[in-house]
Amino acid sequence: NITLANIFEILPFGNSLGVMDLKGSEIKSALELSVKDAPAAFGGFLQVSGLRFTYDHTKATGSRVQSVEVYKDGMFEELKDDENYQVATNIFTAKGGDGYTMFAKAYSEGRVSELGFVDWEVLQDYIKVQKDQKIAPVLEGRIIDEAKTEVKASEFNGTAEDPKTHKGSIVVDITGVSSLENAIITGNLHLKGTDADKVVLKNVTVLGNTYFID
């Protein structure tokens with residue numbers, strides 16, 4: 001059951017919604033700002049929907065975003081710097097809150113439409129429409145850190161009841177290992193070693209891609 005109190009827990013400020021008309025280059029700049037402190041926390045970190053991107057936190061600030069794709073006509077396609085996109089957010093962010101000066105510029109230029117709806121009310125209406133349907137969110141790999149961390153095969157596995165979570169992209173040397181089991185990788189999985197392409201993955205969820213490397 002989802003209560004009104006639950007909704008206020010995640011949307012406590014009562015922000016109104018706005019739609020911004022942005023160039024792809026402005027969206028990428030915003031994503032760069034979002035990951036500027038990664039892997040440390042940043043209060044202005046942007047969660048996204050209808051878009052997915054990869055970044056590398058080991059790169060210099062301002063050059064961390066590696067790829068950006070937008071969902072269009074049933075599939076993802078590369079974000080184009082000079083193309084215009086409609087982006088929904090809250091007015092606090094649209095006015096440049098948390099340092100998003102590229103959004104503030106769009107607002108000052110009249111490229112933001114204020115819809116007059118409040119965020120928690122919109123979410124409440126959405127949930128009501130679902131009625132008795134089960135709302136079952138899943139991990140979609142929308143945001144992936146491509147910086148690679150070495151993980152020993154002996155430290156990879158969790159249990160069926162409690163899969164081990166590996167944050168970001170990892171590299172595993174599976175020389176002499178026949179299987180990897182019970183794990184969630186929030187980035188890419190890189191397998192290396194003798195016959196790496198023959199290892200069996202059991203109950204392993206990879207939110208990014210799986211690569212076989214020398």
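Modeller: Asp-73 is exposed: its relative accessible area is 72%, and exposed means over 50%. The model is predicted. Asp-73 sits in the loop between strand S3 (65–72) and strand S4 (75–78). Its backbone deserves a look too. Phi of Asp-73 is near 55°, a positive value in a residue other than glycine.

Asn-203 also calls for a backbone check. Here phi is positive, about 55°, and Asn-203 is not a glycine. This residue lies in strand S13, which covers residues 200–206. Asn-203 has a relative accessible area of 45%, so it counts as partly exposed. That class lies between the buried limit of under 20% and the exposed limit of over 50%.

Next, a peptide bond. The one from Ala-38 to Pro-39 is cis. Its omega is near 10°. Pro-39 belongs to the loop between helix H2 (24–34) and strand S2 (51–55).

Last, the surface. Ile-2, Tyr-126 and Ile-135 make a nonpolar patch of about 300 Å². Tyr-126 is placed in helix H5, residues 119–130. Its relative accessibility is 48%, so Tyr-126 counts as partly exposed. A patch residue needs over 30% relative accessible area, and Tyr-126 is at 48%.

Technical notes. Residues are numbered from 1 along each chain as its sequence is written. This is a predicted model: local features need pLDDT of at least 70, side-chain atom pairs count only at pLDDT 80 or more; totals for chains, interfaces and linings use all residues. Side-chain values use heavy atoms; hydrogens and water are left out. Patches are made of residues with over 30% relative accessible area and no salt bridge: like charges are joined within 9 Å, nonpolar side chains (Val, Leu, Ile, Met, Phe, Trp, Tyr) within 5 Å. Accessible areas come from the Shrake-Rupley method with a 1.4 Å probe; for residues, only the protein chains shown count as cover. A salt bridge is a side-chain nitrogen of Lys or Arg within 4 Å of a carboxyl oxygen of Asp or Glu. Helices (H or I, at least four residues) and strands (E, at least two) are DSSP runs, numbered from the N terminus. Buried means under 20% relative accessible area, exposed over 50%, partly exposed in between (1.4 Å probe, protein chains only).
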